[in-house]
Amino acid sequence: MSKKTILSGIQATGNLTLGNYLGAINNWKKMQEEYECNYMIADLHTLTIRNDPEKLRNNTLDLLALYIAAGIDPEKSNIFIQSQVAAHAELAWILNCYTYMGELSRMTQFKDKSTKHADNINSGLFTYPVLMAADILLYQADLVPVGEDQKQHVELTRNIAERFNKIYGDTFKIPEPYIHGVGARVMGLQDPTSKMSKSSTIPNDSIFLNDEPDVILKKFKKAVTDSENIVRYDKEKKPGISNLISIYSAITGESKEEIENKFESKGYGDFKVAVAECVIEELKPLQNKYNELKNNPDYLEKLYINGAERAKKIAKSTLKDVYEKVGLVW
Ligand code: TRP
């Protein structure tokens, strides 16, 4: 049986967090053996908010280096920059014509972002999920690893694909969201009721992948907890400590019960240091490799050029089929 296909991506905005790592990239790494993987750097999506051009370019290359540093192997997986494969923008236009305004206005991310960026509610922000649908459908992906917050966009992708297939016959594979376990839900350290975010404005809320060990230790020491001082998992009543248990579990592979037992006679102070230490250890090789790659821009360039070549071949065959079906001259 042939391998199933995966497509996923992360927006090229700012520094990645421990949440991106445990929730996405670390799982992507594990999926490389079993699946045909396409991992994209979503730079077109970032244009829906205003960016400094130089920063965007840097962030894009940083993200590429991070993918590799975190263990995504360019020999095994197809790694590419979205904007370098023109088919994404081309298919997105076509799919826009098969997506309803009503559907897009129900997207929670659109509602959130239009509140956050009230001075710039551009149409790209509105059609953001259609570009995401194009990303996914071009590669005939079976599975789309995403966080809970992106599930709605994958559902929309399915609807668009089904609608198109119904009119024109089998064209797109209907993809399924693939939500990872523990890692998918890394919460903020200061606000453990919201997801740890690259763009959090709360100081010490997020661990960034390039944070120095002393910064990581400091942030964990300051993490918000409750006053019970018992290391016990209870997401409702003890969101802060539960988040730390999840992080520790995702890294060490120990179950929640094992962790509770291990720290039974210890207080939060000791536990926080233990969590910080395992995070520092986990990130050390990644940080070393990342720094090495950043000093080797020629190698990175070769990687993204090759990646785009491979991606274009796959994307082109889907796009051709779509052009022919809707009546465009290929
Ligand atoms: N929208 C996703 C996010 O913000 C990033 C993304 C863009 C993506 N295209 C994708 C994720 C395709 C999965 C598949 O996290």
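1. Asparagine 204 counts as buried, at 18% relative accessibility; buried here is under 20% relative accessible area, exposed is over 50%, and partly exposed is in between (1.4 Å probe, protein chains only). Its place is the loop between strand S5 (176-178) and helix H8 (213-221), where helices (H or I, at least four residues) and strands (E, at least two) are DSSP runs numbered from the N terminus. Phi of asparagine 204 is near 65°, a positive value in a residue other than glycine.

2. A word on the basis: this is a predicted model, in which local features need pLDDT of at least 70 and side-chain atom pairs count only at pLDDT 80 or more, while totals for chains, interfaces and linings use all residues. Residues are numbered from 1 along each chain as its sequence is written, and side-chain values use heavy atoms, with hydrogens and water left out.

3. Glutamine 140 sits in the loop between helix H6 (123-138) and strand S4 (143-145) and is partly exposed, with a relative accessible area of 22%.

4. Two domains divide the chain: domain 1 (5-179 + 297-326) and domain 2 (213-291), with bounds from an automatic or database domain assignment. Their C-alpha centres lie 31 Å apart, and 10 residues of domain 1 are in contact (heavy atoms within 4.5 Å) with 10 residues of domain 2.

5. Helix H9 (residues 239-252) and H11 have axes that come within 10 Å and cross at roughly 40°; axes are lines fitted to C-alpha atoms, for helices over the stretch in contact, with angles from 0 to 180 degrees between N-to-C directions. Residues of H9 including Ile241, Leu244 and Tyr248 meet residues of H11 including Phe271, Val275 and Glu282.

6. Glutamine 287 also belongs to helix H11 and counts as buried, at 16% relative accessibility. Beyond residues up to four places away in sequence, glutamine 287 touches Leu209, Asn210 and Asp211.
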